[in-house]
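The notes follow the order in which I went through it.

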Amino acid sequence: MLFRSWSKFWAPRQELIDYAVELSHVIGVRPFIELNTWVHGLRFDEQSGLWEVSLGDERVISRHVVLSTGGLHVPRTPNFIGLDDYQGIQFYSARWREDVDLNGKRIAVVGSGASAVQIIPEIARVAAQVDMYQRTPNWVAPQDNRTVSKLRQWVYEYVPMAYKIQRFRTYAVSELGFRAVFPLDSTIRDNVESQLKGYISAVVEDETLVPKLTPDYEFGCKRPLVTQYFYPSLNRDNVAVITEGIDRLTPQGIRSRDGFEREYDIIVMATGYDLGAAPFPIEGRKHITLDSIWQDKPEAYQGDRKST
């Protein structure tokens with residue numbers, strides 16, 4: 001297996017991409033991967049017993065189809081009044097616009113989940129103003145993303161057992177922590193919540209903001225977030241948290257429910273993903289579609305597949 005000297009415990013994006021590309025060549029699958037190809041739909045042909053994969057103008061016939069699309073990639077479209085009235089730049093966090101210059105811009109980030117807490121610390125470094133529109137606060141834990149020293153990288157590369165021990169240690173700590181905190185009868189959840197509340201108070205300088213960032217539900221009811229950059233970014237003069245709710249989008253920006261309108265150059269929708277929809281139309285026997293069976297509630301036979 002290909003070895004990689006990671007620069008941090010939580011490897012940055014480019015290192016992960018480089019590793020995936022290099023690994024695809026090493027294990028020989030790269031020639032079979034078609035990039036920049038959009039699948040428009042699947043249809044099962046009962047006469048031939050084969051699947052027809054639509055790639056737009058092209059059709060591919062296959063005996064087997066394995067869906068590895070995951071669930072976190074179809075953006076959830078928010079139902080805001082005036083969504084089409086806004087005249088500035090608007091895009092989803094899951095459809096990031098690399099061609100948009102963020103320098104000196106007034107930016108609204110709608111949402112406060114996993115995408116938002118990663119985006120805000122980065123764009124706040126270059127934007128003139130960043131406003132986060134928060135509906136529900138999340139439990140956020142600091143991330144121990146230490147730099148892996150050159151010495152440790154060398155040890156991991158030339159002493160394989162040391163690397164395996166570190167991997168096992170990371171796995172064991174994660175599994176044991178999960179099993180200790182998340183069961184309904186957990187005896188340490190209160191302690192975890194107390195520590196995370198203390199973390200918010202210790203990092204966030206604006207005391208009036210602390211209660212707005214503190215969840216009113218138990219730890220584990222929603223997916224906890226892990227980052228050490230989010231709360232410190234809220235201390236910047238050019239970052240604000242808006243909790244009044246969105247009344248509507250206007251041609252120039254966003255009007256919150258308190259009647260205050262803020263103007264923006266860019267609106268980033270970090271509003272989550274549509275987990276109840278198939279990634280594209282999938283039609284099986286008797287022209288039955290997967291969406292008609294799921295009806296916004298995905299299910300699978302023993303966690304593996306759903307027959308249509």
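Entry 1. The model is a predicted one. I began with strand β5 (residues 106–110) and strand β13 (residues 266–269), which run parallel and are joined by 4 bridges. I looked up the partner of I107 and found I266 in β13.

Entry 2. I then checked what lies against these strands. Helix α2 (residues 114–123) packs on the sheet and touches β5, β6 (129–133), β9 and β13. I noted that the direction of α2 makes about 170° with that of β5.

Entry 3. Which order do the strands of this sheet take? I read β4-β13-β5-β6-β9, an open sheet of 5 strands with parallel pairing. At the edges I found β4 (89–92) and β9 (239–242), each of which pairs on one side only. Neighbouring strands of the sheet are turned by 20° against each other on average, with direction ignored.

Entry 4. I moved on to strand β1 (residues 41–45). I found β1 paired with strand β2 (residues 50–54) in the antiparallel sense, over 5 bridges. For L42, the bridge partner in β2 is V53. The hairpin of β1 and β2 has 4 residues between the strands.

Entry 5. With which strand does β1 pair in the parallel sense? I found strand β14 (residues 282–283), with 2 bridges to β1. Here R43 has E283 of β14 as its bridge partner. For β1 I therefore have two entries in my list, an antiparallel pairing with β2 and a parallel pairing with β14, where a pair needs at least two bridges.

Technical notes: Residues numbered from 1 in each chain as written. Predicted model: local features only at pLDDT ≥ 70, side-chain atom pairs only at ≥ 80, totals over all residues. Heavy atoms only, no water. Axes fitted to C-alpha atoms, helices over the stretch in contact; angles between N-to-C directions. Contact = heavy atoms within 4.5 Å.
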